[in-house]
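Good morning. I have one model to go through, and I will keep to the geometry.

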There are 4 protein chains.
Amino acid sequence: MDAPFSLQMKVRDYECDLQQIVNNAVYQQYCEHTRHEYLRSLGIDFAGLHNRGIDLVLVRAEVDYHYPLRSGDRFEITLRVEPKGRIRFLFHQAIFLLPERRRIVTGVFHGASLRNGRPALVAEVADTLQQASETT
Amino acid sequence: MDAPFSLQMKVRDYECDLQQIVNNAVYQQYCEHTRHEYLRSLGIDFAGLHNRGIDLVLVRAEVDYHYPLRSGDRFEITLRVEPKGRIRFLFHQAIFLLPERRRIVTGVFHGASLRNGRPALVAEVADTLQQASETT
Amino acid sequence: MDAPFSLQMKVRDYECDLQQIVNNAVYQQYCEHTRHEYLRSLGIDFAGLHNRGIDLVLVRAEVDYHYPLRSGDRFEITLRVEPKGRIRFLFHQAIFLLPERRRIVTGVFHGASLRNGRPALVAEVADTLQQASETT
Amino acid sequence: MDAPFSLQMKVRDYECDLQQIVNNAVYQQYCEHTRHEYLRSLGIDFAGLHNRGIDLVLVRAEVDYHYPLRSGDRFEITLRVEPKGRIRFLFHQAIFLLPERRRIVTGVFHGASLRNGRPALVAEVADTLQQASETT
């Protein structure tokens with residue numbers, strides 16, 4: 001199944017560690033950036049929400065590391081959202097080496113909406129993500 | 001049950017993101033640093049191994065985010081190792097806010113030993129981690 | 001001359017890049033953390049100021065890289081503040097490898113105080129840093 | 001004068017700190033990535049050189065911070081190289097907010113070539129950068 005959203009990026013050398021491969025924490029940054037760009041594409045501004053007391057946060061991450069990225073590698077990060085009720089959202093993500101599309105990372109990220117630091121239904125977020133999950 | 005190894009650290013402001021909390025990927029860096037210091041305490045030098053063609057890598061991470069760390073917070077990261085056979089190792093880790101020891105993050109990190117990029121039994125690693133898991 | 005403030009830290013492996021030395025940008029993070037801890041020791045809370053519309057920002061950095069830090073290295077970061085008028089502040093910083101105190105980095109960081117995004121005299125900051133520079 | 005090389009990038013939210021602007025150290029990472037991509041465009045592979053005992057390192061950085069980047073900003077990083085003899089190289093870089101091209105950062109980065117950790121003339125690097133500086 002095609003993912004409804006994806007970004008293409010390129011490894012930056014400072015993201016590689018002394019094993020000469022991209023550091024494990026960096027894949028999570030790649031996935032976060034992709035989630036935020038996805039939200040932005042739906043009209044949800046992560047930084048703007050924060051300034052109104054609304055935060056989208058991770059509550060759980062499950063990441064499988066299949067194969068490493070290295071200096072100079074180009075890759076694609078995919079995303080598909082799956083609402084779990086109105087406050088929780090699963091983001092299914094994967095990273096593929098380009099051009100051969102070898103699978104690098106598979107991740108499932110469990111997000112939640114908070115208002116003033118507590119789990120809360122945020123209608124504008126819940127409606128948008130519900131609609132996005134149905135149309136893709 | 002007490003964890004057999006732990007480090008105390010303090011949040012650095014550059015680790016906080018625009019939500020004014022420690023960025024999700026940084027907790028994984030904290031856990032990695034703790035694993036490497038643990039290995040070092042057992043006489044296993046991560047960088048030295050790499051230069052001999054041996055790499056210890058993550059194959060899977062499961063991270064639960066319970067509560068955020070903020071600017072100025074002190075915290076403790078704990079670690080307990082559990083061998084799964086001779087090539088795979090589970091690292092059970094947790095982060096606690098100090099001094100009240102509120103739980104911040106719980107993580108299970110699945111590591112594996114590689115030789116020249118392929119999963120391989122590395123006796124010096126397997127024996128050391130087996131012994132460490134039995135004596136603690 | 002002794003520096004009036006210093007921190008001791010240890011290299012974390014994820015701070016090393018594929019040259020197996022600490023990445024250049026990381027030394028700047030070390031220096032920032034030391035400045036923030038110094039300010040905190042004087043009762044100036046960087047994050048708290050931001051939430052009141054006051055920001056301390058860098059306007060210029062001059063950094064000389066003498067020798068690299070590597071995996072496992074312990075080091076000390078020193079700091080001496082020199083006010084330039086009431087809005088600008090120089091932070092003279094250096095990083096030394098321990099225990100031999102070999103010089104790693106020398107930095108001069110030019111800071112300024114802002115109120116609502118514009119350069120402004122912030123009396124509580126200016127007075128505190130002036131006093132700190134005279135007593136050390 | 002037009003810079004002979006430039007990259008366009010976009011701020012990633014994890015690069016912003018609790019002041020909600022891109023952290024100072026990150027601009028240095030942006031500039032490093034641009035230098036490495038420039039070298040790559042000339043056929044000089046930074047990671048490949050390292051594996052043959054040749055390292056290109058920074059010996060000094062001078063960075064002026066004019067205006068911050070924020071969440072969602074697009075920007076361009078420019079680069080012009082100026083050899084200083086055969087072992088030292090100046091990289092003149094700047095970052096501009098897009099589309100208005102407001103100046104964000106100006107940097108001068110002093111690089112040097114090393115062989116086995118010591119300053120050394122590396123003909124393939126010196127010739128390539130000399131030629132590049134003359135034709136642009």
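**Backbone, fold and helix contacts**

On the cut-offs, buried means under 20% relative accessible area, exposed means over 50%, and partly exposed is in between, with a 1.4 Å probe and protein chains only. Arg101(D) sits in the loop between strand S4 (88-98) and strand S5 (102-115) of chain D. Helices (H or I, at least four residues) and strands (E, at least two) are DSSP runs, numbered from the N terminus. Arg101(D) is not a glycine, yet its phi is positive, about 60°.

Before going on, the conventions. This is a predicted model, in which local features need pLDDT of at least 70 and side-chain atom pairs count only at pLDDT 80 or more, while totals for chains, interfaces and linings use all residues. Residues are numbered from 1 along each chain as its sequence is written, chains are lettered from A and ligands numbered from 1 in the order in which they are written, and side-chain values use heavy atoms, with hydrogens and water left out.

Back to the backbone. Most residues other than glycine have a negative phi, and most peptide bonds are trans. Gln20(A) is another non-glycine residue with a positive phi, about 65°. Where is Gln20(A)? It lies in the loop between strand S1 (5-10) and helix H1 (24-41) of chain A. Gln20(A) counts as buried because its relative accessible area is 19%.

Next, the cis peptide bonds. In chain A, one joins Leu98(A) and Pro99(A), with omega about 0°. Pro99(A) is in the loop between strand S4 (88-98) and strand S5 (102-115) of chain A. In chain B, a cis bond joins Leu98(B) and Pro99(B), with omega about 5°. Pro99(B) is in the loop between strand S4 (88-98) and strand S5 (102-115) of chain B.

Now chain A as a whole. It has three helices and six strands, and along the sequence they run β-α-α-β-β-β-β-β-α.

Of the 136 residues in chain A, 62% are buried. Among contacts in chain A with a separation of 6 or more, 66% are between residues 24 or more positions apart. Contact here means heavy atoms within 4.5 Å. Chain A exposes about 5700 Å², and carbon and sulfur atoms supply 46% of that. These areas come from the Shrake-Rupley method with a 1.4 Å probe; for residues, only the protein chains shown count as cover.

One residue in chain A, Asp73(A), lies in the loop between strand S2 (54-65) and strand S3 (74-84). Asp73(A) is buried, because its relative accessible area is 19%. Leaving aside neighbours within four places in sequence, Asp73(A) contacts Met9(A), Lys10(A), Val11(A), Pro68(A) and Leu97(A). Asp73(A) and Val22(A) are 51 residues apart in sequence, with 9.9 Å between their C-alpha atoms.

Last, the contacts between chains. H1(A) and H1(B) have axes 9 Å apart and pack at about 175°. H1(A) is therefore roughly antiparallel to H1(B). Axes are lines fitted to C-alpha atoms, for helices over the stretch in contact, and angles run from 0 to 180 degrees between N-to-C directions. Angles under 35 degrees count as roughly parallel, over 145 as roughly antiparallel, 65 to 115 as roughly perpendicular and the rest as oblique.

Which residues meet in H1(A) and H1(B)? Asn24(A), Ala25(A), Gln28(A) and Gln29(A) meet Asn24(B), Ala25(B), Gln28(B) and Gln29(B). By class, this contact of H1(A) with H1(B) has two nonpolar, six polar and no charged residues. Ala, Val, Leu, Ile, Met, Phe, Trp, Tyr, Cys and Pro count as nonpolar, Asp, Glu, Lys and Arg as charged, and the others, Gly among them, as polar.

Also in helix H1 (residues 24-41) of chain B is His33(B), which counts as buried at 7% relative accessibility. Beyond four places in sequence, His33(B) touches Leu7(B), Met9(B), Val11(C), Arg12(C), Asp13(C) and Tyr14(C).
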